Each structure stands twice: as C-alpha cells, then as structure tokens.
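Please look at the sequence and the three-dimensional model together. The explanation below starts with one pair of side chains and then widens to the whole chain.

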Amino acid sequence: MKTEAFMRFIESLGSMRQKIPTADRLIQQLLLAHTVTLLEEYMQTLVVALISHNDELLLKLAQCKHFENHKLTLAAAIKSDPRQYLQALVKEFNFHSFGDTEPLLRQAFNIKINITPELVDLIRLRNDVVHRNARTKHGQPLELSPEAVFKASQMVEVLASSIDQQALTLTRLEPSQRVN
C-alpha cells in the first residue's frame, strides 16, 4: 500500500524520466533540479495529509523544535483554525534542506531520512543548477549525463518510498484521507 502523495510523486517522476533520453544539456540540468522539487512536493503533501485528519499528529508537529516558538496574538488564535495555520506553515517550510527536514520528520512522526553522501551531492547539484546557473561554487560548468539524471531520479524514488512506508505505519487513515 502507498499513500496518494507517493502515487502522485511516482506518476510525476515517470513523466519526467520520459524526457531524459532526448533532453539537451540545459533540459538535463533542469530535470535534475526537478527531481529534488518532486521530492520536496511529495514530503510537503505527505505532511499536510498526515496532520489533516489526525489531531495527535497535528499536536506532535506543532511541538517540534521548528514550530514550537511560533507565536500568535490571542485575537489571531481565536480567529484561526490551528490545523489550517500549521498547514500553512508546512507549506512555507523548505523541504530540500535536509538539515531541517530530517529533524522535523523524526521529531513529529518518527520518520527517519537516510541522508547519504549521494543525497547531499544531489542537493548540491540542484543548488548549482538553480542558484548558480549550472556552475559550481568555483565557477566550473556542470556536466550531467542522462544516466546521472536517471540515477538521481532513482535515488529520490528510493528515499520517498522509505518515507512513505514509515508514514503508513503512523495512522490507520482510509486511503481517501491520505492526501488533501
């Protein structure tokens, strides 16, 4: 069994993979960055789904170090729906920063992310593409092969699958409740 968030992630990843063999250099770079974007969107969707229907998980997330110091005025607290407020904070969270994401998922949901050197390299490459016009911090142009982009897509698929399996153990939500 998989969450709806994961199934949507896999569908998007499959569509992206179809473009790899015929893509030129620029598109290869963008596809590599897109693999990380797909993973970010999957994790965000999953977290929103987990807190959408489960008060215990909502409270656990609110008590995480990242969110524990968020303050509201009394008037804002009275007017606000706490679930919608926390969902909005989750949507602002930077899920490609694994130094922040791993502790958040571990503290709130006991979901562990295996941060490998290859994953760190992928995030670095994504940052080089997005923030440095596909150049390294030292100004060297990135050279990516279609194989490297496909390998990156496999890496994020394995990671998302691991996260999804852990998330499924958290709650007994009906499949239709797993994604908003």
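Asp121 and Arg124 form a salt bridge, in which the closest N and O atoms are 4.0 Å apart. The term salt bridge stands for a side-chain nitrogen of Lys or Arg within 4 Å of a carboxyl oxygen of Asp or Glu. Side chains of opposite charge can pair when their charged atoms come close. Asp121 and Arg124 are three residues apart in helix H7, so about one helical turn separates them. Helices (H or I, at least four residues) and strands (E, at least two) are DSSP runs, numbered from the N terminus. Asp121 counts as partly exposed because its relative accessibility is 37%, and Arg124, at 40%, also counts as partly exposed. In these terms, buried means under 20% relative accessible area, exposed means over 50%, and partly exposed lies in between (1.4 Å probe, protein chains only).

The model is a predicted one, in which local features need pLDDT of at least 70 and side-chain atom pairs count only at pLDDT 80 or more, while totals for chains, interfaces and linings use all residues. Residues are numbered from 1 along each chain as its sequence is written, and side-chain values use heavy atoms, with hydrogens and water left out.

Which helix holds Asp128? Asp128 is found in helix H7, which covers residues 117–131. With a relative accessibility of 1%, Asp128 counts as buried. Leaving out residues up to four places away in sequence, Asp128 touches Asn133, Ala134, Arg135, Thr136, Lys137 and Leu142. Here, contact means heavy atoms within 4.5 Å.

How many salt bridges does the rule give? The count comes to nine. One of them joins Arg17 to Glu157, with the closest N and O atoms 2.7 Å apart. Arg17 lies in helix H1 (residues 4–19) and Glu157 in helix H8 (residues 146–168), so this pair ties together parts that are 140 residues apart in sequence. Glu157 has 27% relative accessibility and therefore counts as partly exposed.

Another salt bridge is found between the side chains of Arg106 and Glu102, at 2.9 Å from N to O. Because these two residues are four apart in helix H6 (residues 98–109), about one helical turn lies between Arg106 and Glu102.

Phe6 counts as buried, since its relative accessibility is 6%. Apart from neighbours within four places in sequence, Phe6 is in contact with Tyr42, Glu157, Ala160, Ser161 and Asp164. The C-alpha atoms of Phe6 and Ile163 are separated by 9.3 Å, although the two residues are 157 apart along the chain.

At 14% relative accessibility, His96 counts as buried. Its contacts, not counting residues up to four places away in sequence, are Val36, Glu40, Thr101, Ile123, Arg126 and Asn127. His96 and Arg17 are 79 residues apart along the chain, and their C-alpha atoms are separated by 20 Å.

The surface can be considered next. Leu26, Ile27 and Leu30 form a nonpolar patch there, with about 260 Å² of accessible area together. Patches are made of residues with over 30% relative accessible area and no salt bridge; like charges are joined within 9 Å, and nonpolar side chains (Val, Leu, Ile, Met, Phe, Trp, Tyr) within 5 Å. Accessible areas come from the Shrake-Rupley method with a 1.4 Å probe, and for residues only the protein chains shown count as cover. Leu26 is found in helix H2, which covers residues 25–52.

Finally, consider the protein as a whole. The protein has eight helices and zero strands. Along its principal axes, the C-alpha trace spans about 55 × 35 × 25 Å. Of the 180 residues, 43% count as buried. The protein exposes about 10,100 Å², of which carbon and sulfur atoms supply 53%. Among contacts between residues at least 6 apart in sequence, 77% join residues at least 24 apart.
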